[in-house]
Amino acid sequence: MLRTLLTRLFRRRQVENELHEEVEGYFEILIERYMERGLSREEAVRAARVQFEGQEQVKEKVRDARMGAGLETILRDLRYAARVLRKSPGFTAMAVLTLTLGIGANTAVFSLMDVLLIRPLAVPHADELRLLNISGKRYSFNYPLVRQIEERNSVFSGMATWSSHMVQVREESDLKLIPAVYASGGYFTTLGAASAAGRVFGPDDDRELGGKNGPVAVISDGFWERKFARSASAIGKVLVINGIAVSVIGIMPAGFFGTEVGTSADIWLPLNLARQTGDESTCFASSTCWFLQVIGRLKPGVSGEQANAGLKVISRPSMEAVIKPDMRADRKATYLSFVVESEPGKSGYSALRSRVKNPLRILMGLVALVLLIACANMANLLSARASSRAREVSVRLAMGAGRGRVIRQFLTESLLLSAAGAAGGMLFALWSTRLLVSVLSTVDDPVQLDLQPDWRVFAFSAAVTMAAGVLFGIWPAFRATRHGLAAALKERGHQVRSGRPGFGLGRALLSFQIAISVVLLAAAGLFAFTLIRLATINPGFEPDRLTVISMVNSRPPLTGAPAADRFGRLMRRAATLPGVESATLLSTTPLTNSGWNDVFEVPGRSDLSEDQRVLNLNAVGTHFTATMRVPLLAGRDVNDGDTAQSDKVLLISENAARLWFPKGDALGASVHLTNEPPCRIIGIVGNSLYWNLKEEMPMNGYVPYTQSNEGRYIALRTQAKVNATYAAFQQVMREEAPGMPIGSIRTMNQQIEESLATERLTAYISVFIGVLALLLTSVGLYGVLAYGVTQRTGEIGIRMALGAQRPAVVWLVVREAMWQTGVGLMMGVAVVLSASRLLRAMLFGVQPNDPATIGVTVVILLVVCAAAAALPAHRATRLDPMRALREE
Amino acid sequence: MAKSSDLLQGTLDLLILRTLELKPLHGVGVADRIEQVTQGVFVVGPGSLFPALHRLAEKGWIEGEWGELESGRRARFYALTGSGRAQLAKEKRNWLKVTTAMNQVLTEES
């Protein structure tokens, strides 16, 4: 079979000749028979022709019937299609651009979905992996609980437990922070990940102070390159990590990034080494310290459901074993209600995933709609073209091509167009996914994704391309061949048409496009509005010219009085730096979704619920209100008199003062934490946001850094130019705290911007999509109207000759546009009203059915449609009636 | 003219295979033979015949070979192959099954 196929392809001429001879021979035999019956040669030929259907048609049918014909005609069709498209470069460019954007936007969003949600980890049999969670809600575990699960486990052949951290590595005299993963002894064997050189570590290495080889580490390919320039002698080298000497025992292959999608670790350290390196060192004995993620590999033959059943059984005894006896009763009940579950862990864990899953799905829906618009546009463009290609079609039909052949030819053209669009779309996607990831990435959470498209992306793109090509090609193809041979040949010599040119589906498509545009623009408006509302929110402090520097505590960490001394000294020196107006310490920087809170006892207010007595807390330095520009409403700031030895004091926010002390006697009153000494309220400050921009104004409390946790951040109120200040501060750090690297230096505005990464991503993409939709729709509308004017040249000419005035002619054209626009707008608004609820969870400060957004959307579309109609209408009025009529 | 459009799908293939079972024939020969045997019920025009012949050759059931007619004209003779013979047997059985079933339905109704 293959041979006949190849023979056919390479010996086409011979095959053609044989076919010709065979058919010709048949014809001759017929002629001879007629001649035997006494007909003359001419009469016989004529009679044979009547009986014979026409040699060319017969040959065409034979070619169609052949199996190998498939490939052969495809090639022929492709060549023909390419020639046709080359002949109209304007149309082709327009079509390819449309499809590039349509397919590219889809490919881009799908690529993100692919890397974040779908792509499996680069380990063998990834589908056996299960990611563990607690009651389907959180993915973090404490160490005692993990040990319990490991001991009682009957469903997993191995478990990988890990925790990601930034660690300090000594480079000559400087300290550098690198991303590390503390991984359990079972981590590499469970994943089935082998090292590219050296060995990975196992349970024997995962010991306090290391196994018999001492503390060990496995490094990534990237780190090997940066630090050791890919030298083979890297194995056995000693790195100083958080002050601990660790020897490199292995190098992972280039594609291995661990289990956390979106991050890239430089180094893997045994989990128990964290006890010495000081990261979470106090966590190992605590059942309230949720710092670990867990992946298990199913035993052979165990299904996901069976695994969950097995985990459910061990949940309660495990929890019972880990909770401390002195835990509060309500918290104990909460802990005991936790059920350990597992979900498919094929694609690992990603902290980013929960944040972007829903936005990505919605964006996927929106870009799919854009592609529909693009297809509708293409369908209209192609069918307008098909009408002008009527003669070509009729010639082909006359040459013996069946209708199916011609339709196939048209489809080949549209598939060729969409393939060109897909190629452009792939480039567009490569470029735009990088852009999108950079929008998602923040200093604290750098997003590192392997954006090389894999086969899924290509398959998706190919499927979308095929579907689009057929979708927009099939209708014009049928339309073009509808009239059949006779009608097609007769057509020519324009007829005077009036009213509606036969373009019904085209009009429907336009209304449909306009409706989708309404939906996409409204969504873009809502998301843009959300972003603007969030970005312009007044957080209660002044974010401009405010810089926050995070400092990483030395290892082993400094605590208590020495810590307070060092941070106090750093704060005081920072305040004297050039360009700094004032400086303070913070234990928590606002709007990063991190911090701590606690429940206070308010004497005489037993009527307040627990929720009403919670304060979000921050340990602050002197000049806190001046630096943050939080108004000090009453009392005083933290000052140098507040020390570890002096009375405990507290500043509270205005809303807490109002709620707790409605009579206005907050100042000087005392509140206290359970079982702790009373805190005197020394000041009342303005309300400000704590966790994030979306929260209701929370109740906050501020305690002196000397009386609480050590500070981790220095906040600087600066003048406009800060570069010299930053350099000077780094010098101060080197002098005052040589063991403490700087984690990050950011302005508060950067920090706020980064906290809006997801919202920004959503808003940017949806606005891009909305504008794209608008553009495509206006081009589509323009195209259809312009085509209508061309087709109705005769009619318009007659009307003008009969005395129709310009407004009447304009009306003729605009009337059509108005119809489609009106219907489209109504459909679109109806969809928005009924479906925008779906977006509610992603909106802030704007209702899904926001009348202003919908109103503006409708106005924008009306303006754009009017603009699209203006040009063809104008052209119609410039027709010269005489010329138009003469053309008939 | 050609009544092939009235033929059941696949019937033409069966007719051709059956016709070639006796001896190799060229295109005109096949058409003549079918017309003759069916006493003019089936007239196969070249527009149906050639595609069918090529399709069957493609499937390997028949084989085309250039030969000479008595008049000295070159013509392509088609012969049944081994797998064509097997196919013919299969199609015959199918056909009998279908016609028996149809007959039963029709006679029962009347």
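**View 1. Burial and contacts in chain A.** In this predicted model, buried residues account for 42% of the 888 residues that form chain A. Of the contacts in chain A that have a separation of 6 or more, 83% are between residues 24 or more positions apart.

**View 2. Secondary structure and extent of chain A.** Chain A holds 28 helices and 21 strands. The radius of gyration of chain A is 37 Å, whereas the globule rule gives 29 Å for 888 residues, and chain A is therefore more spread out than a compact globule.

**View 3. The side of chain A that touches chain B.** The contact draws 16 residues from chain A and 15 residues from chain B. On the side of chain A that touches chain B, helix 2 (12-36) and helix 4 (55-65) of chain A each contribute at least two residues, and helix 2 of chain A gives the most, with 6 residues. Sorted by class, this side of chain A comprises 8 nonpolar, 3 polar and 5 charged residues.

**View 4. Confidence along chain A.** The mean pLDDT of chain A is 85, and 93% of the residues of chain A reach 70 or more. Over residues 491-502 of chain A, however, the pLDDT is below 50, although this stretch has 17 contacts in the model beyond near neighbours in sequence. Where pLDDT is low, predicted coordinates should not be read in detail.

How values were computed
Residues numbered from 1 in each chain as written. Chains lettered and ligands numbered in written order. Predicted model: local features only at pLDDT ≥ 70, side-chain atom pairs only at ≥ 80, totals over all residues. Contact = placed C-beta atoms within 7 Å. Helix = DSSP H or I, 4+ residues; strand = E, 2+ residues; numbered from the N terminus. Nonpolar A, V, L, I, M, F, W, Y, C, P; charged D, E, K, R; others polar. pLDDT = per-residue confidence, 0-100. Rg over C-alpha atoms; globule rule 2.2 N^0.38 Å. Buried ≥ 20, exposed ≤ 12 C-beta atoms within 10 Å, placed from the backbone.
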